[in-house]
Amino acid sequence: MHQEDIFKRYSRQIFIEEIGLEGQRKIMASKVLVIGAGGLGSPVIQYLAAAGVGTIGIADFDRVEIHNLNRQIIHTENEVGVLKIRSAEKFVSNLNHHVKVMGIEQKIDGSNIPEILSQYDFIVDGSDNFSTRYLVNDTCVTLNKTLIYGSILGFSGQVAVFNHQGSKNLRDIFPEPPYDEEMPDCDSLGVLGALPGIVGSMMALQTLKLITGLPVNLNQLTLIDTMNWRFQSLDF
């Protein structure tokens, strides 16, 4: 885009003193991988695309189901049965055709994750199981990649930035993952649709701050309790 077009589209970001035109250029040059195009991934993808992130990788192997639609706001009724990455690609293209979308129709595992993560500047984990979360965390540590982490359940959520410029990672606060089958999840206990919108938006905001070099709180887990409307920070 020409500089004039950049200013017209992103003026409300450029007007922010801490971002400006130089920050917008950083956003447009960045490459961000979003793992999961579900409840958390949806608002992350939406706001990163709207902000003009240059390349967004989206890793997901599921198809859109009708019960997804209360919270996974980038998908529609017409896309039920469609691969989520295809639906996500369509959404981003309609919102901002300048953003390059890389759909990754693979289940993240130990054999493919190093190659996938190595291509991106920042990793955003919107996965819904502990085995994937710890695999992503450990690979980010190995590859020295910054990880933006989030989780949701019911009315509660968590957000953190891990492994950024030598900061601590997921295992520093939770050394070992619980067994997935022993833990409650959204399939069994549910989630109110607006919650992932809140948590995912916070993850997207942290990502944009990191891209533009703005400060973020490290070695800190933000706990979100929307039932009682409490936000707490836990240092570790």
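Buried means under 20% relative accessible area, exposed means over 50%, and partly exposed lies in between, with a 1.4 Å probe and protein chains only. Helices (H or I, at least four residues) and strands (E, at least two) are DSSP runs, numbered from the N terminus.

This is a predicted model, where local features need pLDDT of at least 70, side-chain atom pairs count only at pLDDT 80 or more, and totals for chains, interfaces and linings use all residues. Residues are numbered from 1 along each chain as its sequence is written, and side-chain values use heavy atoms, with hydrogens and water left out.

**Stop 1: helix H2**

Select residues 20-29, helix H2. Its buried residues are Gly20, Gly23, Gln24 and Ile27. Look down the axis of H2: these residues fall within an arc of 100°, so they line one face of the helix. The arc is that of the directions from the helix axis to the C-beta atoms.

**Stop 2: the sheet**

Now show the strands. Strands of a sheet pair through backbone hydrogen bonds, either parallel or antiparallel. Here 8 strands form an open sheet with mixed pairing. Follow the order E3-E2-E1-E4-E5-E6-E7-E8. Which strands are the edge strands? They are E3 (100-104) and E8 (230-235), each pairing on one side only. Two strands pair if DSSP finds at least two bridges between them. From one strand to the next, the twist averages 15°. Axes are lines fitted to C-alpha atoms, for helices over the stretch in contact, and angles run from 0 to 180 degrees between N-to-C directions.

Zoom in on E5 (residues 146-153) and E6 (residues 156-162). They run antiparallel, joined by 7 bridges. Pick Gly150: opposite it stands Val159 in E6.

**Stop 3: two asparagines**

Select Asn144, in the loop between helix H6 (130-143) and E5. Its phi is near 60°, a positive value in a residue other than glycine. Asn144 is exposed, with a relative accessible area of 57%.

Next, select Asn219, in the loop between H9 and strand E7 (220-225). Asn219 is not a glycine, yet it has a positive phi of about 55°. Is Asn219 exposed or partly exposed? It is partly exposed, at a relative accessible area of 24%.

**Stop 4: Ile73**

Go to the loop between strand E2 (55-59) and helix H4 (84-95) to find Ile73. Ile73 is partly exposed, with a relative accessible area of 44%.
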